[in-house]
Amino acid sequence: MLLTVPMGPLEANCYILSRGEGCDAAVIDPSDAGTAMQALLKFRLRPTHILLTHGHFDHIAGAGELKSLRGCAVLIHSLDAKCLSDPDECRAAWMGGELVPSEPTRLVADGETVSAAGYTFSVLHTPGHTPGGVCYVCEEQKLAFTGDTVFLEGVGRTDLPGGNMRELMRSVCDRVLALPKDFTLYPGHGDPTTVAHEREHNPLLPYRRNPWFNS
Ligand SMILES: [Zn+2]
Ligand SMILES: [Zn+2]
């Protein structure tokens, strides 16, 4: 069972994945603990893991509170980990909020495996939007949670501190779109898409094919 719960002023997608009602759940990018708890309680889900795609405030803001309420593990890439405790790093004030500081339980890195809520995820390091951006890929369900790396016919911005367009191009074109074409991509904002659809329509691909990119 996959719930999509947009949260906060920027309508960041929080995803809640579980084997069904009453089961353990993996919570991806909870920006608001109260809204996440409502969804969890409605289906009697037990959140065991919070998987963070990157450190921006609109994706992590509820992680600390949810962790202290329910004792979940909090996972984030090491390069974005300081966002959990530093309001400047996560751009809290800029996004109109106040950070409840917390510490990660586990730092994840490219190629690692995460077991949560009865699912296995592999970690794909996809920097560019932020240095420590990751996608969580679940082979069994043929899906990936892509954060702000790739959207439906779009990609994340690179003009915030730590952003890098060349890295984002590599992450999107060479890594995310190298996943099998029938995988569904669940982005940090907006509607889901598929690898096949983005291989046709993602606006970065023409740039990636341009010879200047490798020069
Ligand atoms: Zn972001
Ligand atoms: Zn975002």
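Strand 3 and strand 4 run parallel and are joined by five bridges. One of these links Ala 25 to its bridge partner Pro 47 in strand 4. Helices (H or I, at least four residues) and strands (E, at least two) are DSSP runs, numbered from the N terminus. Two strands pair if DSSP finds at least two bridges between them.

This is a predicted model, in which local features need pLDDT of at least 70, side-chain atom pairs count only at pLDDT 80 or more, and totals for chains, interfaces and linings use all residues. Residues are numbered from 1 along each chain as its sequence is written, while chains are lettered from A and ligands numbered from 1 in the order in which they are written.

**The chain as a whole**

The chain holds six helices and 14 strands. Its C-alpha trace spans about 50 × 35 × 30 Å along the principal axes.

Of the 215 residues, 46% count as buried. A residue is buried if 20 or more other C-beta atoms lie within 10 Å of its own, exposed if 12 or fewer, and partly exposed in between; the C-beta atoms are placed from the backbone. Among contacts with a separation of 6 or more, 57% come from residues 24 or more positions apart. Two residues are in contact if their C-beta atoms, placed from the backbone, lie within 7 Å.

Six strands make an open sheet with mixed pairing, in the order 1-2-3-4-5-6. Strand 1 (2-7) and strand 6 (106-108) are the edges, and each pairs on one side only. On average, neighbouring strands of this sheet are turned by 25° against each other, direction ignored. Axes here are lines fitted to C-alpha atoms, for helices over the stretch in contact, and angles run from 0 to 180 degrees between N-to-C directions.

| Strand pair | Sense | Bridges | Facing residues |
|---|---|---|---|
| Strand 2 and strand 3 | antiparallel | four | Tyr 15 and Ile 28 |
| Strand 3 and strand 4 | parallel | five | Ala 25 and Pro 47 |
| Strand 4 and strand 5 | parallel | three | His 49 and Ala 73 |
| Strand 5 and strand 6 | parallel | three | Ile 76 and Leu 107 |

Strand 2 and strand 3 form a hairpin with five residues between them. In the turn, Gly 20 has a positive phi of about 150°. Further along this pair, Ile 16 stands opposite Val 27 in strand 3.

How much of strand 3 is buried? Four of its five residues are, so strand 3 is largely enclosed by the rest of the structure. Strand 5 is mostly covered too, with four of its five residues buried. In a regular strand the side chains alternate between the two faces of the sheet.

**Helices on the sheet**

Strand 3, helix 1 and strand 4 make a right-handed β-α-β unit. Right-handed means that, with the strands pointing away from the viewer, the path from the first strand over the helix to the second runs clockwise.

Strand 2 (residues 12-18) and strand 3 (residues 24-28) share four bridges. Helix 1 (residues 33-42) packs on the sheet and touches strand 1, strand 2, strand 3 and strand 4 (46-51). Its direction makes about 155° with that of strand 1. Helix 3 (residues 63-70) also packs on the sheet, touching strand 3, strand 4 and strand 5 (73-77). The direction of helix 3 makes about 145° with that of strand 4.

The largest nonpolar core has 59 residues. Those with the most contacts inside it are Val 27, Ile 50, Leu 51, Tyr 136 and Ala 144. A nonpolar core is a set of buried Ala, Val, Leu, Ile, Met, Phe, Trp, Tyr and Cys residues joined through C-beta atoms within 7 Å.

Ala 144 lies in strand 10 (residues 143-147). Why does Ala 144 count as buried? Because 26 other C-beta atoms lie within 10 Å. Beyond four places in sequence, Ala 144 touches residues including Tyr 136, Val 176 and Phe 183. Ala 144 and Leu 51 are 93 residues apart in sequence and 12 Å apart in space, C-alpha to C-alpha.

His 59 sits in helix 2 (residues 57-60). His 59 is buried, because 30 other C-beta atoms lie within 10 Å. His 59 and Ser 31 are 28 residues apart in sequence, but 4.8 Å apart in space, C-alpha to C-alpha. Leaving aside neighbours within four places, the contacts of His 59 include Ala 12, Asp 29, Ser 31 and Gly 188.
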